[in-house]
Amino acid sequence: RGTRCDNKFNAPDRDNNYAIEAFGSQSKCFKQGDKWEQKSCTMIKQWTRYGSGCYDYECKAGLLNIIVRDVTFSCHNQHQKIPIELVMSSSSGSWLHTGSVVCPACRDICSDCSREGRALDNHYDKRENLGDCLREQE
């Protein structure tokens, strides 16, 4: 597979999409801030290959928004590190994907950046978890 973000055929299959990347006409390449990790109720996978990834984005209300899975994260400052903790299903069950995406300068992508730098959202309210794994295993 290739690495161009705008080509939907470059997307990894669901079981190998550890960084929850998206490929297609609304995707761009964004820097990743940390290595990615996947946790299930019985296993941890740590991925050492990281650096950049393809994610959907939108320019809306004076901000650049990066969309991971179906969750929107607003970029308020260049170099802002957005923490990602989202659950995705695969053929082997549910996995919590943990990593981060780094915001570029809004002006590099969007024409209206009027709200950049005004407030900072840490996005911790968007974190997901696997729940009580011990109860789910019974």
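Reader: What does the accessible surface of the protein come to, and how much of it belongs to carbon and sulfur atoms?

Author: Bear in mind that this is a predicted model. The accessible surface comes to about 8100 Å². Carbon and sulfur atoms account for 44% of that surface.

Reader: How many helices and strands does the protein have?

Author: There are 8 strands and 1 helix. Read them from the N terminus on: the order is β-β-β-β-β-β-β-β-α.

Reader: What is the radius of gyration, and what would a compact globule have?

Author: The comparison starts from the chain length. For 138 residues, a compact globule would have a radius of gyration near 14 Å. The protein has 16 Å, which agrees. Then look at the extents. The C-alpha trace spans about 50 × 35 × 25 Å along its principal axes.

Reader: What share of the residues is buried?

Author: A residue counts as buried when its relative accessible area is under 20%. Of the 138 residues, 41% are buried.

Reader: What share of the contacts joins residues at least 24 apart?

Author: Take the contacts between residues at least 6 apart in sequence. Of these, 53% join residues at least 24 apart.

Reader: How many bridges join β4 to β5?

Author: Strand β4 covers residues 52–60, and β5 covers residues 63–68. They run antiparallel, joined by 5 bridges.

Reader: Where do side chains point in a regular strand?

Author: They alternate between the two faces of the sheet.

Reader: Is strand β8 enclosed or open, and why?

Author: Count its buried residues. In β8 (residues 93–102), 7 of the 10 residues are buried, so the strand is largely enclosed by the rest of the structure.

Reader: Which strand is joined to β8 by 10 bridges?

Author: That is β7 (residues 81–90), which runs antiparallel to β8. A hairpin links β7 to β8 through 2 residues. Look for S90, whose bridge partner in β8 is G93. Strand β2 (residues 36–39) is also antiparallel to β8, with 3 bridges between them. There, K39 has L96 in β8 as its bridge partner.

Reader: Is N10 buried or exposed?

Author: N10 is found in the segment before β1. Its relative accessible area is 8%, so N10 is buried. Now follow its side chain, which reaches the backbone oxygen of R4 at 3.0 Å. Leave aside neighbours within four places in sequence. N10 is then in contact with R1, G2, T3, R4 and F23.

Reader: And K8: is that residue buried or exposed?

Author: K8 also belongs to the segment before β1. The cut-off for exposed is over 50% relative accessible area. K8 has 56%, so K8 is exposed. Beyond its neighbours within four places in sequence, K8 is in contact with F23 and G24.

Reader: How far apart are K8 and M88 in sequence and in space?

Author: They are 80 residues apart in sequence. In space, C-alpha to C-alpha, K8 and M88 are 19 Å apart.

Key. Residues numbered from 1 in each chain as written. Predicted model: local features only at pLDDT ≥ 70, side-chain atom pairs only at ≥ 80, totals over all residues. Heavy atoms only, no water. Pairing = 2+ DSSP bridges. Helix = DSSP H or I, 4+ residues; strand = E, 2+ residues; numbered from the N terminus. Rg over C-alpha atoms; globule rule 2.2 N^0.38 Å. Buried < 20%, exposed > 50% of the residue type's maximum accessible area, 1.4 Å probe, protein only. Contact = heavy atoms within 4.5 Å. Areas by Shrake-Rupley, 256 points an atom, 1.4 Å probe, with all protein chains shown as cover. Polar contact = N/O pair within 3.5 Å; in protein donor to acceptor, adjacent residues only side chain to side chain.
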